[in-house]
Amino acid sequence: MRTDWKNLTVVITGASRGIGQYAAFEVAKRGGTPVLLARSGEKLQAVSEAIKKETGITPFTFKLDVTNEQEVERVFNEISDEAGPVDALINNAGFGIFESVEEGSLDNFRAMFDVNLYGAVACTKAVLPQMRKRRSGHIIFIASLAGKLATPKSSGYSATKHALLGFANSLRMELDHSGIHVSVVNPGPVRTDFFHTADSTGEYRKNVEKFMLDPEKVALRLVNLIEKPKREVNLPFWMGLGAKLYQLFPGLTEAVAGSQFKKK
């Protein structure tokens, strides 16, 4: 368990908005130094200034497209030089597009895999050698309950998150006794602008509005993992139970809750 946040460096991808932004605020509130990564340098600067104003902590910011392997390598070298060793990496960058398999394009499938899976893999590989050497570190993946319980029109997105879960579970076993923790956070629907891209009709967001999670609360649970590492956190708890039920009784779950799954 970690209680001293002083000199703790936490890298967060997709930190310009949503869960990543709130996680950065939470890290700074506890006295840690957030390193903000995203494609928009302008948005990163705005978040950085807001964090400094509220907490007195000045985050590091680096413009990064996680799908560019060479850029990932360069930026993480710069992080090491400027911010020091990475104590925790939060792989948060990701997006989804809800569309049927027949209507969806292969380009959209590839783009989701490039960001949601390969981007996380690239960033993870960038910090592993250093963490191995120090025998210390924490890698956190923001996956999704959609990776455990797929629904219609989420085939591409669910596939990326299912793959991310598999990657994290394998990595955890590879790092056994290394001093490096691996955690996964699986949220259900979160009240962010994720749905502006994922759900162009607005229908799904309207149908699940009452179940949506507060991104600040998700970020709080996420950052708590750095203090007290856990293998996995499912949010909300009852949706996590639903995913477990589906794994045990898929046919029954689809028969009973099928209409709820089709609200996209």
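**Exercise 1. The surroundings of S16**

Leaving aside its neighbours within four places in sequence, with which residues is S16 in contact?

*Solution.* Before starting, note that this is a predicted model, in which local features need pLDDT of at least 70 and side-chain atom pairs count only at pLDDT 80 or more, while totals for chains, interfaces and linings use all residues. Residues are numbered from 1 along each chain as its sequence is written, and side-chain values use heavy atoms, with hydrogens and water left out.

Begin with the position: S16 lies in the loop between β1 and α1 (18-29), where helices (H or I, at least four residues) and strands (E, at least two) are DSSP runs numbered from the N terminus. Next take the accessibility, for which buried means under 20% relative accessible area, exposed over 50%, and partly exposed in between, with a 1.4 Å probe and protein chains only. At 14% relative accessibility, S16 counts as buried. Finally list the partners, taking contact to mean heavy atoms within 4.5 Å: beyond four places in sequence, S16 touches Q21, A38, K43, L44 and V47.

**Exercise 2. The chain as a whole**

Describe the overall build of the protein chain, from its secondary structure to its surface and charges.

*Solution.* The protein chain holds 10 helices and seven strands. Its radius of gyration, taken over C-alpha atoms, is 18 Å, close to the 18 Å that the globule rule gives for 264 residues, so the protein chain is as compact as a globular protein of that length; the rule itself is 2.2 Å times the number of residues to the power 0.38. Along the principal axes, the C-alpha atoms fill a box of roughly 55 × 40 × 35 Å.

Turning to the interior, 50% of the 264 residues count as buried, and among contacts with a separation of 6 or more, 70% are accounted for by residues 24 or more positions apart. The protein chain exposes about 13300 Å², of which carbon and sulfur atoms supply 51%; these accessible areas come from the Shrake-Rupley method with a 1.4 Å probe, and for residues only the protein chains shown count as cover.

For the charges, Lys and Arg count as positive and Asp and Glu as negative, with His and the chain ends not counted, and each charge is placed at NZ of Lys, CZ of Arg, CG of Asp or CD of Glu. On this basis, the mean positions of the 34 positive and 29 negative charges are 6 Å apart.

**Exercise 3. Helix α5 and its partners**

How many residues has α5, and how far does it reach from its first C-alpha to its last?

*Solution.* α5 has 20 residues and reaches 29 Å, close to the 28 Å expected at 1.5 Å a residue, the expected span being 1.5 Å times one less than the number of residues. The buried residues of α5 include G156, Y157, L164, L165 and A168.

S155, which lies in helix α5, is partly exposed, with a relative accessible area of 28%.

A143 lies in the loop between β5 and α5 and counts as buried at 4% relative accessibility. Not counting residues up to four places away in sequence, A143 touches K161, L164, L165, V184, V185, N186 and P187.
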